[in-house]
Amino acid sequence: PDNVQATGSISETRSHSENNVGTITDIHMKTFNGNLNAGASFIKSIPLTYSMSTSRNLIDPNTIKYSLIPKNAKLGVETRYTETFSAKYTPSWLAFLNANFSYNSGYNENSDQTDNRNTGNTRNITNDNTRIAGLTLDWNKLLGAAKKDEKKSLLNPFTLLRMLTRRIDPVNVSYRRNQSFAKSGLQGRPSWSYRLGFTDNPQVGSSGLSQSADRVQVADAYSAKSGISLLATHISANYSKNVNRNVTATEATKSISTRFPDFGFNFNRLGNFKLFKRFFTAVSYNFGYYQQVEQSGSERTGETFSRTTSKSFSPLASFSLDWKKGIRTSIKYTKDTKKIENLRIVGGNQSVSIDYNNSITINNSYTFSAPHGIKLPFLRKIKFNSNLTLSLNVAKSSKKTRSSVGGNPYNITANNSRFALSASAGYSFSTQV
């Protein structure tokens, strides 16, 4: 190891209390807390870290035995034990391809016999680990930097390809897996491979029935994103998918969420057009749309319990206007629908509801500052910097819900609208003495 650090401490507390009915309570605790931290790099580009902590009850002198032989030594009764481990690898394979890999795990063991979950000298544990992998492909580095005279050789296919790909954003792809385990009634300490998260088998016996807190949770997340710039326009594209599995003593469920298509459009040089130059110094337009499907069901039978489908224009249109007179205006219009389906065969009502949401907001602001300051008559020698801010905001939104139960026709179950108007003014002045 590159570094090792070990610490230990012993603490003792005594308390005496008596309540209003004369019940006396005396508590005597003596505890040892130990910690170990280590770091190593057996391979230079892969740093490893490890930590361990233990908490032990020393109140019974019969559980303490000093010996130079570790197997014969005793240091109280252990009540808690934790371990963490992490590894990271960031290789430099190619100039145009960046990669990163990481692994983290955490183990927590409770063997305190005063805990009602630990009957018959057993213990309960939780174990979590996370794996992350990511790749980034840079097109500019793949095909080389642009040359000054490349426009003179447009007939060269390689030149045309380089001119096109240099407008493409780096492609980012990532994968993440989170695993979480909780088990009770274990008759011994699990193997080191389980504690560090390399296997889901504790390789140790257990007693008693599984408790409600026992669980296995696995979450997988996939994502990819990129974009392209053409003239003054930028288009971004994204994809994401999440798969979650949850297994308990009573059921096993699975949920899947997929967000695709998911893209955005930005055009920030509308102010260059003659029509806008007369009134504005800068004009930009934004548009975004995504569709997301979420469904959950039984992992064992494959039955789908529910499905939610969302389609969102966020925004459908958004303008940012900088007027020549110092006024700034933003206009944003959003529109989305959400369909929620209850698909349970047993215990479900086969209901469907659809929400329609629309909103528009208009924000106006104006800021004026005296460039040379303001001199007050009674303070002629002192010049103040003055700022005036005015704003006027308008917002209107509406929501309508249509519902159906058991395949019957849809009925409007909610129809709401909201309008808000707000104005504000602020004035400030300051000087430097």
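Residues are numbered from 1 along each chain as its sequence is written, and side-chain values use heavy atoms, with hydrogens and water left out. Because the model is predicted, local features need pLDDT of at least 70 and side-chain atom pairs count only at pLDDT 80 or more, while totals for chains, interfaces and linings use all residues.

Strands are DSSP runs of E with at least two residues, numbered from the N terminus. Two strands pair if DSSP finds at least two bridges between them. Strand β1 covers residues 3–18 and contains V4. V4 is exposed, because its relative accessibility is 56% (exposed means over 50% relative accessible area, buried under 20%, partly exposed in between, with a 1.4 Å probe and protein chains only). The C-alpha atoms of V4 and I125 lie 26 Å apart, and the two residues are 121 apart in sequence.

β1 and β2 run antiparallel and are joined by 16 bridges. S17 stands opposite T25 in β2. The hairpin of β1 and β2 has 5 residues between the strands, and G22 in this hairpin takes a positive phi near 90°. β2 also runs antiparallel to β3, with 11 bridges. N33 has S55 in β3 as its bridge partner. The hairpin of β2 and β3 has 2 residues between the strands.

Further along, β6 pairs with strand β7 (residues 97–110) in the antiparallel sense, over 10 bridges. T84 faces G106 in β7. β7 pairs in turn with strand β8 (residues 123–137), again antiparallel, over 14 bridges. F101 has A133 in β8 as its bridge partner.

The largest pocket has a volume of about 240 Å³. Of the 17 residues that line this pocket, N57, V77, T79, D112 and T114 are the closest to its centre. A pocket is found on a 1 Å grid over the protein atoms alone; it is an open set of points where a 1.4 Å probe fits, with protein on both sides within 12 Å along at least five of seven lines, and lining residues have an atom within 4 Å of a point. The volume is the space filled by probe spheres set on the points. β2 (24–43), β3 (46–57) and β6 (77–89) each supply at least two lining residues. β2 gives the largest share, 4 residues. The lining divides into 3 nonpolar, 9 polar and 5 charged residues (Asp, Glu, Lys and Arg count as charged; Ala, Val, Leu, Ile, Met, Phe, Trp, Tyr, Cys and Pro as nonpolar; the others, Gly among them, as polar).

The whole structure holds 18 aromatic pairs. Rings of Phe, Tyr and Trp (its six-membered ring) pair if their centres lie within 6.5 Å; planes under 30 degrees apart are stacked, over 60 edge-to-face, and the rest tilted. Y289 and F313 form a tilted pair, because their ring centres are 4.8 Å apart and their planes meet at 45°. This pair links distant parts of the chain, 24 residues apart: Y289 is in strand β13 (residues 280–298) and F313 in strand β14 (residues 304–323). Y289 is buried, at 14% relative accessibility, whereas F313 is partly exposed, at 27%. F85, Y103, W192 and F198 form one aromatic cluster.

Charges also sit over rings (NZ of Lys or CZ of Arg within 6 Å of the ring centre and within 35 degrees of the ring normal). R344 lies over the face of F305, 3.7 Å from the ring centre. R402 lies over the face of Y410, at 4.7 Å from the ring centre.
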